[in-house]
Amino acid sequence: MKRIFVFLAVSMAVSAFAAHAQNLTAGSASVSSLAPPPRTFFPHNWVRGYTDFSVAPSHNEPDLGRCTFPQPASAGGTASTCTAYARYLYSGYIEFQPLGRTLARHFFLFFEPKFSFGRNIPQLTYTASMMPIAYDRSIGIGFQLPKNFELRATQHQVDWLGRYSRSLGAADLHTNGSYGLYATFGVRWSFGGYGHPGAPAY
């Protein structure tokens, strides 16, 4: 794990140095004298993101991987308490980039939560219930590189809500959520105009 962190830090430093050197050689003539420099703290669009609310129609409920399917007869059929098939999903994505100058302006934090609600058992019970099921989240730190590339370190976790925080009987798989607990280091490339309208330019 330490080697991965060292590799990530070195990669970020080398990329930042290369981008800075490229800017210096290009000169400052290309910068308009009319455009004010970005603020050091909390520049324009330093917080950005989106929210999303989705509804799954009957027979299309997301399976959160908590309950067996088909459920065993001992689970109680329609009376089973293991009903972790969502009807509603509320999610979002938000980035924080509070610094507008120096090398630190290329760092950003991100947070991606997703809440699942519902009470359904495929082929047995379909309801419009808003019973909370799970809180799925990813958090991490990123670093912007030239050519719309980003380095990202992400940690993901799922918390079961309400009655799902305890055992739910014979149909309960006792899993730790969709994808479970993990950490990743990755590279993201954005193309076709998709990106950060408020992100600092190189």
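Modeller: What follows begins with the protein as a whole, turns to the sheet, and ends with a loop beside one of its strands. This is a predicted model, in which local features need pLDDT of at least 70 and side-chain atom pairs count only at pLDDT 80 or more, while totals for chains, interfaces and linings use all residues. Residues are numbered from 1 along each chain as its sequence is written, and side-chain values use heavy atoms, with hydrogens and water left out.

The protein has 1 helix and 6 strands, where helices (H or I, at least four residues) and strands (E, at least two) are DSSP runs numbered from the N terminus. Read from that terminus, the elements follow the order α-β-β-β-β-β-β. Of its 202 residues, 34% count as buried, a word that stands for under 20% relative accessible area, with exposed meaning over 50% and partly exposed lying in between (1.4 Å probe, protein chains only).

The 6 strands make an open sheet in the order β1-β2-β3-β4-β5-β6, with antiparallel pairing; two strands pair if DSSP finds at least two bridges between them. Because β1 (47–55) and β6 stand at the edges with a single partner strand each, one side of each is left without a neighbour in the sheet. Neighbouring strands are turned by 15° against each other on average, direction ignored, the axes being lines fitted to C-alpha atoms, for helices over the stretch in contact, with angles that run from 0 to 180 degrees between N-to-C directions.

Within the sheet, strand β3 (residues 107–117) and strand β4 (residues 132–145) run antiparallel and are joined by 11 bridges, and Phe-111 stands opposite Ile-139 in β4. In strand β1 one finds Val-47, which counts as partly exposed because its relative accessibility is 36%.

The loop between β5 (149–160) and β6 (182–189) holds Leu-173, which is also counted as partly exposed, because its relative accessibility is 41%. Leaving aside residues up to four places away in sequence, Leu-173 touches Gly-65, Arg-66, Cys-67 and Thr-68, a contact being heavy atoms within 4.5 Å. From C-alpha to C-alpha, Leu-173 and Gly-65 are 7.8 Å apart in space, although 108 residues apart in sequence. Across the protein, among contacts between residues at least 6 apart in sequence, 72% join residues at least 24 apart.
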